[in-house]
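Me: I have a structure open and would like to talk it through with you. Shall we take it piece by piece?

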Amino acid sequence: MMTSVETDLIRVLGDPLRLQIVTLLAKETLCTTHLVEETGARQTNLSNHLKVLREAGVVETEPCGRFTYYRLRPDVIASLAGQFADLAETARATAEANTKRSCP
């Protein structure tokens, strides 16, 4: 069973722009300027999405002079992936056992 934290994380990653940001950050640590160039999103919109990702614990920041760099936290993504792997294994076992609840 997924916890409310994992459910919130799925909601956070369900936004297409946030998923694009996470995908880009999986490849390299980037600042807001880089992310604006890569996504084509407006800086204010991007900053709002980065705030959501930061608050969810998906990304962490690293100040560098007047810029802030963003880095993906792979442990958070791995934890969520593990939850989905467990869910898939449960579904596989249920399908193999042909388990179904009878109707009243």
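Me: Is leucine 35 buried or exposed?

Reply: Happy to start there! This is a predicted model, where local features need pLDDT of at least 70, side-chain atom pairs count only at pLDDT 80 or more, and totals for chains, interfaces and linings use all residues. Residues are numbered from 1 along each chain as its sequence is written, and side-chain values use heavy atoms, with hydrogens and water left out. Since buried means under 20% relative accessible area, exposed over 50% and partly exposed in between (1.4 Å probe, protein chains only), leucine 35 with its 0% is buried.

Me: Where does leucine 35 lie, by helix?

Reply: Helices here are DSSP runs of H or I with at least four residues, strands are runs of E with at least two, and both are numbered from the N terminus. Taking contact as heavy atoms within 4.5 Å and leaving aside neighbours within four places in sequence, leucine 35 is in contact with Ile21, Leu24, Leu25, Leu30, Gly40, Leu46 and Leu50. Leucine 35 lies in helix 3.

Me: Which backbone nitrogen does the side chain of threonine 39 reach?

Reply: Threonine 39 has its place in helix 3, residues 32-39, and counts as buried at 19% relative accessibility. A polar contact is a pair of N or O atoms within 3.5 Å; within protein, one must be able to donate a hydrogen and the other to accept it, and residues adjacent in sequence count only if both atoms are side-chain atoms. The threonine 39 side chain reaches the backbone oxygen of leucine 35 at 2.7 Å. At 3.1 Å, that side chain also reaches the backbone nitrogen of alanine 41.

Me: At roughly what angle do the axes of helix 2 and helix 4 cross?

Reply: Axes are lines fitted to C-alpha atoms, for helices over the stretch in contact, with angles from 0 to 180 degrees between N-to-C directions. Angles under 35 degrees count as roughly parallel, over 145 as roughly antiparallel, 65 to 115 as roughly perpendicular and the rest as oblique, so helix 2 and helix 4 are roughly perpendicular. The contact is made by residues including Leu17 and Ile21 of helix 2 and Leu46 and Leu50 of helix 4. The axes of helix 2 (residues 16-27) and helix 4 (residues 43-55) come within 10 Å and cross at roughly 75°.

Me: What is the order of the strands in the open sheet?

Reply: Two strands pair if DSSP finds at least two bridges between them. Strand 2 pairs with strand 3 (residues 67-72) over 6 bridges, while strand 1 pairs with strand 3 over 2. Strand 1 (30-31) and strand 2 (59-64) each have a single partner strand, so they stand at the edges. The pairing is antiparallel and the order of the 3 strands is 1-3-2.

Me: Which residue in the turn of the hairpin has a positive phi?

Reply: Strand 2 and strand 3 form this hairpin, with 2 residues between them. The positive phi, about 65°, belongs to glycine 65.

Me: How many disulfides are there?

Reply: A disulfide is a pair of cysteine sulfur atoms within 2.5 Å. By that rule the count comes to 0. For cysteine 31, the nearest cysteine sulfur is that of cysteine 64, 9.0 Å away. So to return to what you asked, the number of disulfides is 0.
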